[in-house]
Amino acid sequence: MGKVLQNKKLFTYTVSKKLALRLHRNYVKIESKLHRLNYFFWECTSACNLACLHCGSDCMASTEIPDMPAEDFLKVAEKVSKQYNPADVMIVITGGEPLLRKDLPLVGMKLKNLGFAWGLVSNGYMLTNELFRTLRESGLQSATISLDGLRDNHDWLRGRAGSFDRAVKAIEILAAEPGFTYDVVTCVNQRNFSELLQIKELLIDLNVSRWRLFLIDPIGRAAENRELFIDSDQMNSLLQFVVNTRQDGEILASWGCDGFLAEYETRVRSGFLFCRAGIHVASVLSNGDISACPNINRGFVQGNIYNDDFLNVWNNRFEIFRNRKHFKTGQCLNCSLWKDCLGDGMHLHEPENDNPVVCYYRKLKGIE
């Protein structure tokens, strides 16, 4: 039987960190009650031109899947612009691979005319200088590109030869644009773990200023592939690598939303863990479903734009996201970290299991 984190003094907070955590808890409570939308995903397609081994959405390597009509999402965006100041809501277009949509510049221009800032999350495979210029003219203000290793390991994870070279080219295009906001994300796994220093040096050479590192969660397509997951010792080394990289100042590395990390909080990211899914973050998925982050289990869908009014759903549902007490059971019930962790990120939950599919702090400490 595995150990539990009950009444265990595995670390000691400084007085200043205790105070900061107390303030953060109050902030989370207030924001959960206010429930203001400020980050809005549109999963514009479930089609993809790659076949990533770790895909959380189980997207298909096909362009034959019908996309949601752009007007259906734009009607939702227009309604949102009437309840919220569009300048306070960031719209992020994702997929699948959003660049597969031929109407993306038109959609972007309409969002721009409504007053929204918008960005996209892409594998970079289709990004060209010409397309980038068109998207910029349509209001594109930010982008995220994935680079998951050096050539062989990136192409292995992404399931398509040449994807590394295309991703690097996309990064070069973004880096050459003055004042453009972008970052590069890396999903750390067994194959690329030994390459992290080389990846860091490559990104610095490419003039990348922001780099996010994630673990691969045992969800979606990744669940049965053990080669995608690092062990406890590697996780400790990875966190220290992020700390050291932040300290050397050549590139701003940050840890993703992979759970509460106690003594590493504020050292590997610029603040404490706060899963904003369903609190500040909503999404319209490719079939019209209304959820929080697109990577969250579809069992937590709150409605559908073809049957429900989006704003009515946002204003009156999402209770399971805003009040996490439902998850305080099982291994979380007597955990001393609960008040700060709140059951970790919603992407780690499944409707039939109140505990997260993996507790990254337990993994960090080698607790099964």
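Visitor: Is Arg191 buried, partly exposed or exposed, and how should I read that?

Guide: In this predicted model, such a label is read from the relative accessible area, where buried means under 20% and exposed means over 50%. Arg191 has a relative accessible area of 31%, so it counts as partly exposed.

Visitor: Where along the chain is Arg191 found, and with which residues is Arg191 in contact?

Guide: Arg191 is found in the loop between β5 (181-188) and α7 (196-205). Leaving aside neighbours within four places in sequence, Arg191 is in contact with Asn153, Trp156 and Glu227, and with Glu227 there is a polar contact between the two side chains, at 2.9 Å.

Visitor: What should I look for around a charged residue that is buried, such as Lys17?

Guide: One can look for a salt bridge, which calls for a side-chain nitrogen of Lys or Arg within 4 Å of a carboxyl oxygen of Asp or Glu. Lys17, placed in helix α1 (residues 15-34), has no salt bridge, and the nearest side chain of opposite charge, that of Glu265, is 7.3 Å away. The side chain of Lys17 does, however, reach the backbone oxygen of Glu265, at 2.6 Å. Beyond four places in sequence, the contacts of Lys17 include Tyr264, Thr266 and Phe272.

Visitor: Which peptide bond is cis?

Guide: Here one reads the omega angle, and the bond from Gly95 to Gly96 is cis, with omega near 25°. Gly96 lies in the loop between β2 (90-94) and α3 (104-114).

Visitor: How many residues line the second largest pocket, and which element supplies the largest share of that lining?

Guide: A pocket can be read through its volume and its lining, and in this case the space is about 550 Å³, with 24 lining residues, of which Val28, Lys29, Ser32, Arg322 and Leu342 lie nearest the centre. Helix α1 gives the largest share of the lining, eight residues, while α1, α10 (319-322) and α11 (338-341) each supply at least two.

How values were computed:
Residues numbered from 1 in each chain as written. Predicted model: local features only at pLDDT ≥ 70, side-chain atom pairs only at ≥ 80, totals over all residues. Heavy atoms only, no water. Helix = DSSP H or I, 4+ residues; strand = E, 2+ residues; numbered from the N terminus. Buried < 20%, exposed > 50% of the residue type's maximum accessible area, 1.4 Å probe, protein only. Lys, Arg positive; Asp, Glu negative; His and termini not counted. Polar contact = N/O pair within 3.5 Å; in protein donor to acceptor, adjacent residues only side chain to side chain. Contact = heavy atoms within 4.5 Å. 1 Å grid on protein atoms, 1.4 Å probe; cavity = no way out; pocket = protein on both sides within 12 Å on 5 of 7 lines; lining within 4 Å. Points joined across faces, edges and corners; volume = space filled by probe spheres on them.
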